[in-house]
Amino acid sequence: MKKILLLFTGCTLSAIALAQASGIGYYLGIGGCYSGSASGFFSQEITSISHNGFIRFHSKNTLWATQFVGSYRRDFISYQNFSEFIGSNSTEVLRYNTDAQIDRSAWRITVVEQLQLGSDKSRFCVALNPGLFYERTLQASRSSEYDSYSYDLRNEINPNGVGWTLGAEVRFHWLTLGYKVEQQFTSVLNHDYLLSQPQELGTSSELRSLVLNPAMNYVFVGINLDFYE
């Protein structure tokens with residue numbers, strides 16, 4: 001964590017030192033993804049909403065900008081698991097019959113390098129945005145309207161994650177419209193812990209098939225203010 005904060009601070013100071021102009025802004029991102037098994041025994045759907053505040057520093061020719069983003073994210077993960085298994089304490093074949101959801105919150109720091117095409121000073125610009133992010137899960141809990149099981153995910157979660165993002169945006173005056181794809185390199189779920197649990201009804205072993213680091217698609221809209229010398 002300290003190394004990540006030091007790297008973030010170093011990048012910020014370097015960008016400020018080389019900047020000819022700067023900008024601030026906010027954008028709302030809405031995205032998600034869906035996946036399921038060919039057998040129909042398992043499916044999941046993720047809806048994600050993020051609030052993002054940023055500061056960016058433009059190069060002297062305004063072709064490039066380095067953008068630092070602080071975000072708060074909420075994920076709503078609906079999943080079904082109807083797979084069969086043999087109970088760990090018997091030879092009886094059991095079925096999960098799970099229809100539940102996970103509510104997850106996280107904060108994030110993102111560093112984006114923007115290639116800006118067009119004239120930013122005339123208030124029109126198209127930008128390509130590759131970047132990297134660090135994310136930390138704050139809370140995650142499982143609940144369902146169809147059974148009585150409800151619990152917080154603790155050992156089931158890898159709280160820290162790093163990932164990539166790639167997007168494009170259009171800026172016109174103060175308005176920003178964009179699209180991006182992003183993915184964590186490792187799963188939010190601690191699958192080693194899940195696999196170590198005996199398979200039984202009413203435990204988090206039902207989460208084994210979940211994929212919580214899929215490629216996520218987002219659209220976003222925001223406001224921005226850029227200041228030039």
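Q: What share of the 229 residues of the chain counts as buried?
A: This is a predicted model, in which local features need pLDDT of at least 70 and side-chain atom pairs count only at pLDDT 80 or more, whereas totals for chains, interfaces and linings use all residues. Residues are numbered from 1 along each chain as its sequence is written, and side-chain values use heavy atoms, with hydrogens and water left out. With buried taken as under 20% relative accessible area (1.4 Å probe, protein chains only), the share of the 229 residues is 44%.

Q: In what order do the elements of the chain run from the N terminus?
A: Helices (H or I, at least four residues) and strands (E, at least two) are DSSP runs, numbered from the N terminus. The chain has two helices and eleven strands, and their order is α-β-β-β-β-β-β-β-β-β-β-α-β.

Q: Which residue in the turn of the hairpin formed by β9 and β10 has a positive phi?
A: Two strands pair if DSSP finds at least two bridges between them, and β9 (residues 160–172) pairs with β10 (residues 175–184) in the antiparallel sense over ten bridges. Within this pairing, E169 stands opposite G178 in β10. Two residues lie between the strands of the hairpin, and the turn residue with a positive phi, of about 55 degrees, is H173.

Q: Which residue in β11 is the bridge partner of K180?
A: Strand β10 also pairs with β11 (residues 216–228), in the antiparallel sense and over eight bridges. In β11, the partner of K180 is Y218.

Notes: Buried < 20%, exposed > 50% of the residue type's maximum accessible area, 1.4 Å probe, protein only.
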